[in-house]
Amino acid sequence: MTSQKLYGKSILVIGLCMAFALISIHLILHGMGANSQGVLGRVTESRAALPQIVKEPNDVVMFFGSSMARAGFSPRKFDADLAQRGKQVKSFNYGFGGLNPYFQDFLSRRIADEFIEEDRKIKLTMIEFNPFQTTQTRWDRAAPVLDSFLTLLANDEELMVIAKNDLIRGVRLFNIKYLRGNISAEMITSFFGRGMFPPQSHQTFKDDDETIAQRRRLGRLLGQKFDEEYPDHKPVEWSYEWQGGGTIPQERSAETLAIFNDYYRVTQTDNAMRNDRLSRISSADIEQLHFEPLLVDHFINIVKNFQRVSDNVEVIMLPKNSKWIKTTPEAEKRLAAVITQIEQATGIKLKNHQNIPQITPQMYRDTTHLSRYRGDIAYTDYLIDQYQSLF
């Protein structure tokens with residue numbers, strides 16, 4: 001066998017091994033839900049719905065933000081209540097957990113592209129400014145998913161801009177996008193590392209054994225009630241049928257709603273809140289708020305992207321669980337400076353809903369998120385009162 005033939009066969013074998021490895025990793029991750037569940041699945045499914053959204057006959061409303069927006073806005077209730085007042089709209093919840101403003105900037109560009117292509121306008125866009133999603137800590141913790149989310153959300157032209165400035169990274173990004181199914185090596189390491197070496201959980205404060213047992217029992221019971229009341233529901237992260245939101249109390253039985261009350265009683269304990277507060281401090285710098293300037297700039301881009309395709313744009317800070325989260329005076333000064341920067345750059349006066357009287361500490365499921373059937377309903381009612389005159 002000539003050396004040329006041997007060399008060719010060696011290259012073929014190496015190529016096949018690399019292809020097999022890439023396919024194997026992709027299949028393993030897909031089977032474990034790494035690229036179809038959580039924020040990746042929610043982003044993918046919500047993007048896939050855009051062609052249908054732009055063709056909605058009624059005025060379109062969009063609430064764009066973090067997991068706090070996802071938990072706090074009930075689009076189907078918003079629409080049903082406005083319909084009772086003779087106003088026909090179709091609203092959508094585009095809230096995403098773990099998607100900081102850097103990634104949301106690219107997602108908002110894709111939304112704007114779709115509406116521009118169809119020559120359609122959003123009637124009202126409500127954009128959440130989440131202070132603790134914009135901190136240096138939050139940016140640092142995004143490193144393992146940075147390239148995966150970027151290739152998922154950026155188009156080729158945007159990736160080429162990166163490649164022109166950094167050829168090596170550009171080649172890696174195109175490799176991740178077209179050969180790895182948006183799954184980077186860092187995400188693989190992070191995904192498996194979390195399974196083998198899960199991050200330290202803040203369980204400094206512990207509830208008694210009876211409360212823990214009740215929590216588990218009621219959680220299982222709620223799962224059973226969901227299966228009974230929604231037998232045809234397909235397990236997706238973003239449902240077009242539900243407009244990106246969750247269930248609404250009108251659809252649930254009185255028995256289920258009573259179980260929810262019991263469940264909240266044993267999950268929203270002081271100990272659970274103390275643990276969640278510690279977790280938010282370590283993962284998001286939620287009380288000190290040392291902002292990352294890059295994320296502030298990208299948030300401003302988000303607002304400008306929606307200004308291109310919206311008749312009305314509102315920038316909002318959602319209600320804050322001030323009983324448990326207490327920002328320092330220095331943090332408040334930093335926050336005020338960032339708000340001023342956003343307002344000057346966009347020309348929009350930010351609406352601060354952090355301490356509105358309509359929302360009480362009992363309406364949160366943890367130290368940041370409003371609870372289902374309590375906080376989300378009360379806050380959606382508040383938004384209806386604020387913005388119904390636009391329709």
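**Note on the predicted model: sheet, core and pocket**

1. Met62 has Phe92 as its bridge partner in strand 2. This is a predicted model, in which local features need pLDDT of at least 70 and side-chain atom pairs count only at pLDDT 80 or more, while totals for chains, interfaces and linings use all residues. Residues are numbered from 1 along each chain as its sequence is written, and side-chain values use heavy atoms, with hydrogens and water left out.

2. Strand 1 and strand 2 pair in the parallel sense over 8 bridges. Two strands count as paired if DSSP finds at least two bridges between them. Helices (H or I, at least four residues) and strands (E, at least two) are DSSP runs, numbered from the N terminus.

3. The open sheet has 5 strands in the order 2-1-3-4-5, with parallel pairing. Strand 2 (89–96) and strand 5 (351–352) stand at the edges; each has a single partner strand, so one side of each lacks a neighbour in the sheet. Strand 3 (residues 122–128) and strand 4 (residues 310–317) run parallel and are joined by 6 bridges. Thr125 has Val313 as its bridge partner in strand 4.

4. Strand 2 is mostly covered, with 7 of its 8 residues buried. Buried means under 20% relative accessible area, exposed over 50%, and partly exposed in between (1.4 Å probe, protein chains only).

5. Helix 6 (residues 101–117) lies across strand 1, strand 2 and strand 3, at about 170° to strand 1. Axes are lines fitted to C-alpha atoms, for helices over the stretch in contact; angles run from 0 to 180 degrees between N-to-C directions.

6. The largest nonpolar core has 83 residues; Tyr94, Phe129, Phe306 and Tyr379 touch the most other members. Such a core is a set of buried Ala, Val, Leu, Ile, Met, Phe, Trp, Tyr and Cys residues joined through side-chain atoms within 4.5 Å.

7. Leaving out residues up to four places away in sequence, Tyr379 touches residues including Phe63, Ile316, Leu318 and His353. Contact means heavy atoms within 4.5 Å.

8. The largest pocket is lined by 49 residues, with Phe260, Tyr263, Tyr264, Arg365 and Arg372 nearest its centre. Helix 14 gives the largest share of that lining, 6 residues. A pocket is an open set of points on a 1 Å grid over the protein atoms alone, where a 1.4 Å probe fits, with protein on both sides within 12 Å along at least five of seven lines; lining residues have an atom within 4 Å of a point.
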